[in-house]
Amino acid sequence: MIRFEHVKKRLGNRVVLDDVSFEIQKNETFVIVGSSGAGKSVSLRHMIRLLTPDEGRVWIGDDVVSEATGKDLEKIRSRFGVLFQSAALLQWLSVADNVGLPLQEKARMTRAAIHTKVEETLKMVNLEEAHDKLPANISGGMQKRVGLARAIIMEPEIILYDEPTSGLDPVTSRTIDQLIDRLRRGLGVTSVVVTHDLHSALAIGTRIAMLHRGRMIEVSSPSEFIRSKHKEVQNFLASQYITKDGEWEVEKGESKVWRSKV
Amino acid sequence: MIGEAFLSVSSIFQKRSRHEVMYQLYITGIKSLGVITVVALFTGMILALQTGLELRRFGQEVNIGTAVTVVMLREMGPFMTGLIIAASVGSAIAAQMGTMTVSEEIAALEVMSINPVRFLVMPRLIALMVMMPILTVYTNILGALGGAIVGSTQLGVAFTAYFDNATLYATNKDLYVGLCKAVLFGVIITTVACHQGFSAKQGAVGVGQATRKTVIISFLTILTVGYMVTRLFYQ
Ligand SMILES: Nc1ncnc2c1ncn2[C@@H]1O[C@H](COP(=O)(O)OP(=O)(O)OP(=O)(O)O)[C@@H](O)[C@H]1O
Ligand SMILES: [Mg+2]
């Protein structure tokens, strides 16, 4: 569905992506983890041609998105819903208008139909009450969820989530995880999720990839991921108290309060 | 970019775009009115005082009516309005577009295949192209009025004599060339501001830089283009 072929990208004087190749299957939830500045957001941007590779290609289905322009590009992009890291809401539009914007601009629907659809989508992200507020007047976590609602309202085939749960409380985070999982199971959506939260990565990912300094050092199923031999992966797991058995380990104590699905 | 903005002008017939254009007209026009009033009045007053004092040496002070009005119509009206709008509205546009670029809002629009030029530039372009000549007329009137005030209080030129003199020599061409400049300045300000905003670099520093550059580049372009238009029409 999405294929990176030896993608190399230089930004400023840094090589941000260095010979990155991987393939994401249809109906997968592909999770990308990695430390700050590893190139996760840059990878996502390549999938929708907000950035183009210096070398290599990015395929979406049978199209090379990295070389598409005009109508072709528009067609490829219409298959995507994107939640940006910064939520990227238009500041002068209300929450409802932000969420309804793609419908208003792209779909031939009546006002009432749009309204109903917006209500429905806001409900999916637990935000019915924020309807008329401006983005500046809601919390960062709420803005993130509005961005999420806007990303899914067109019912796209592929959804890119850049840190969907950062800045959210644990309970809301799990709601978002469940939503992502539901979209995959129910509607066959293909998702790419960038996250720092390994617990949600293990919970929702069909495969997990780790980017480290612009290189993809690990791509594997969650159960293989936590047993990875890579030092960086093990460090990353340890930093969130996850052991090789996929269990919580609190300060090397005995309390094992969490058991992942693996 | 500007070509694209003109091409998308047809979308003004959509209700949503029309609403946005009206809003931009409002903020461009109404919000700068205060500053423009003060600047226009004083420009006229200064012009009248300086030329008046010189003309008085030849006993020609009654001609300040023409001097002030013609200079306002041809040069100072559009020029002053252009500078004020560049500094206030242009910088605000650059800051807004810059913030939107930095916070990925422009990227989000592109991914939704909503053309940022049609969605953001077009309404602002129209607003400035319409408002610049209107504000220039306003500047001209106030400038002439400022001249008249100085004329009657400092130089002993009566209001009626001042305006008779002004209407005798100022031509329609002076007005049209000035307004033509005003429209052109509107295009310049929007283009520079949007272009700077869209190419803003990451962070608040980038936005600040885009704003600063907008003001400087607009000023310089307004000056040079103003001169060239004058050259073109008054050989
Ligand atoms: N437009 C740009 N110009 C120059 N450098 C850039 C640009 N965008 C990103 N970079 C650099 O590329 C690297 C990777 O950035 P990216 O945004 O992909 O990181 P990330 O993995 O998403 O990190 P985070 O978890 O903090 O969001 C960073 O070092 C960043 O400084
Ligand atoms: Mg990022």
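Which residues make the nonpolar surface patch of about 290 Å²? Here are my notes on this predicted model, starting with that one.

1. The patch is built from Leu145(B), Ile149(B), Phe159(B) and Phe163(B). Two elements of chain B, helix 6 (116-154) and helix 7 (159-169), each contribute at least two residues to the patch. Phe163(B) sits in helix 7 of chain B, and its relative accessible area of 31% makes this residue partly exposed.

2. Next, the metal site. The magnesium ion (ligand 2) has Ser41(A), through OG, and Gln85(A), through OE1, as its protein donors, at 1.9 to 2.2 Å. These two come from distant parts of the chain, 44 residues apart: Ser41(A) belongs to helix 1 (residues 40-47) of chain A, while Gln85(A) lies in the loop between strand 6 (80-83) and helix 3 (95-106) of chain A.

3. Ser41(A) is partly exposed, at 22% relative accessible area. Gln85(A) is also partly exposed, with a relative accessibility of 35%.

4. Now for helix 5 of chain A (residues 140-152). Its 13 residues span 19 Å from the first C-alpha to the last, close to the 18 Å expected at 1.5 Å a residue.

5. That helix is mostly covered, with 12 of its 13 residues buried. Among the buried ones are Met142(A), Lys144(A), Arg145(A), Leu148(A), Arg150(A) and Ile152(A). Their cover includes strand 6, helix 3, helix 4 (111-124), strand 7 (158-162) and helix 6 (170-187) of chain A, along with helix 5 (105-111) of chain B.

Terms used:
Residues numbered from 1 in each chain as written. Chains lettered and ligands numbered in written order. Predicted model: local features only at pLDDT ≥ 70, side-chain atom pairs only at ≥ 80, totals over all residues. Heavy atoms only, no water. Donors = N, O, S within 2.8 Å, 3.2 Å for Na, K, Ca; no water. Helix = DSSP H or I, 4+ residues; strand = E, 2+ residues; numbered from the N terminus. Buried < 20%, exposed > 50% of the residue type's maximum accessible area, 1.4 Å probe, protein only. Patch = residues over 30% accessible without salt bridge, like charges linked within 9 Å, V, L, I, M, F, W, Y side chains within 5 Å. Areas by Shrake-Rupley, 256 points an atom, 1.4 Å probe, with all protein chains shown as cover. Salt bridge = Lys/Arg side-chain N within 4 Å of Asp/Glu carboxyl O. Expected span 1.5 Å × (residues − 1). Contact = heavy atoms within 4.5 Å.
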